[in-house]
Amino acid sequence: MRLRTFILLRLLLTIPMVLLLVTVVFVIMHILPGDPVLAVLGSKAASQQQIDLLRHQLGLDKPLYVQYLEYIFGLLRGDFGNSLVRQDPVTTEMAIHLPATVELTFWSMLLAIPLGIYSGVFAAKNVGGKIDASIRIGSLVRWCIPVFWFGLVLQIIVVQYGLPLPIAGQANPRIVGVPEVTGLYVVDAIWAHDPQALADAFLHLILPVLTLGTTMAASLTQIARTNVVDVLGEEYIKVASLKGCTDERVFRKHALPNAMIPILTYTGLQVAVLLQGAILTETVFSWPGLGRLLVDAVGYRDFNLIQGCVVLFALVVSLANLIVDISYAIVDPRVRF
Amino acid sequence: MSRLLVRVLSKFGVWPKSSRSMVIAGAVIVITVLGLDIYAHIVGLDPLATTYQGLSPPSLAHVMGTDQLGRDLFSRASFGTTFSLLVAFISVIISVSVGSVIGALSGFFGGKIDRVSSLAFDALYALPPLIIAILIAAMIGAGIVNTGLAIAIGYMPQYFRIVRGIMLSIKERPFIESTRAIGAGPANLIFRHMIPYAIPSIIALMTLNMGSGIVDVSGLGFLGLGLPPPTPEWGTDLGRGRDFITSGAWWPSTFPGLMIVISVLGFTLVGQGLDEIFRATSTRQKEKF
């Protein structure tokens, strides 16, 4: 199969996958008990008339399949419905909160990918030794620490030792005078040539990025180590060293490239874990991103907003899977056949 | 089941040494945590009793200090074990029974059932378990069974995939064919002859998921979607304690978290160790053929 055909086929396969994901979310939201109308009005205060009126306005009095089709066709037009509490479109709400999450996850990945892969490979190089054991134990313990507790402990350390670091929020309101161009504070500060705002943006990023980044790094370390160790046990590694390659060369030229393919795939799949961690990290650090929006929406029982956020997360995850598959096919021609 | 246990334990000496020490270390941790819980019940610690000293730091009277209402954090942390482990256990039981039964049927019968259920579980697999749990917890509310169910759904695809894969790989093996030849029906074949094959992998996964289940229970609690107060639950407790960090009270949010980490570590060690062991023994079996 040629590369172009593979990519085209994979793109086409994404459509039913996304449709199915949206359907699963829709089914969970509409089949389970829990009435959005009563949640908005409050169960005692509302009269039957009010309930019927709101139900009609929200289109909840229509048959389920009509609601489903309307929702799907709305999504195709980029319409996620309106927020039940704030009344404005869900897409507007999400657009406001998206940049903060992008910023948080971008810097976390920038920390996690080199750190995780490097320490995993380093452990595998010294397999069986003391370095290997300590990296294994370290990453296992870090993996067992829940994201939110790690964040809280960082906050406690900062408060107890009086370190000059902000423990919550995305920027200091007194410093922010930077015009919003992208919504990404770091980019905006650079755009406006404002070093003070840039420093402030980075200071606010330190704790959340440490929290989320090391979580992802811990699982990357484990997966990188396992894969490199597996490859080192292969026959062709034995062949390479028997024909006289130095250990360094065997490791670099023969083992690493082959181990890297599954490691990179796994990194792509980590996006789902990253989003899950982002929800908790954003809550710990009052970070105004999508995760915070989702948690707040759950608090207000704003069902359209909840549904919108989850569908958006699902879209991001399927996009990540798509990118992983395509890059896999480019790197490793065997996949295409 | 007991026969299986004896068979597994009889191979104890053959297990790789590093995996064996992982399982033992993990088991010791889990037993310690459970022991603390049982101790709390026997001694009759009261997680709800209030004293007049709110937010007092750790001392001899209160080893972990007290929370904002003056409740002893040690009693709450030990009692919390009951609830966190119970909810995690319920979620594991629900997801293993639904996931592996559908996986077994799907792998055994193939055809349309297989295609439809594979697609559905693939879609579910793309969503992180905690996001599904938040969604469902928001819909059906909290409670021991409800929270367990909310967490369970996100983990079903893992059991589905494992069991379905094993079914597909052993379906054509001679011992299944001969069992079929002497007249065994599908139910007999699946539940008596094929599922036992998957049990080692299922047990390893269940242990690992007990760990992730505990993290998810406390995560929901932290987000305010967990068991309703005044239930002593680690996630809810440390979430409430976080309001007092800035005023210097570090203990209400530290100790419940420590309990989470310790118990998750215990289950994860056992799970990973078992996984390595079963994987090693199954490759050894394959080499024999």
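A: The residue A:G151 lies in helix 7 of chain A, which covers residues 147-160; helices (H or I, at least four residues) and strands (E, at least two) are DSSP runs, numbered from the N terminus. This is a predicted model, in which local features need pLDDT of at least 70 and side-chain atom pairs count only at pLDDT 80 or more, whereas totals for chains, interfaces and linings use all residues. Residues are numbered from 1 along each chain as its sequence is written, and chains are lettered from A and ligands numbered from 1 in the order in which they are written.

A:G151 counts as buried because it has 26 C-beta neighbours inside 10 Å. A residue is buried if 20 or more other C-beta atoms lie within 10 Å of its own, exposed if 12 or fewer, and partly exposed in between, with C-beta atoms placed from the backbone. Of the 337 residues of chain A, 38% count as buried.

Leaving aside residues up to four places away in sequence, A:G151 touches A:L207, A:T211, A:T281, A:V284 and A:F285; two residues are in contact if their C-beta atoms, placed from the backbone, lie within 7 Å. By C-alpha positions, A:G151 and A:T246 are 44 Å apart in space and 95 residues apart in sequence.
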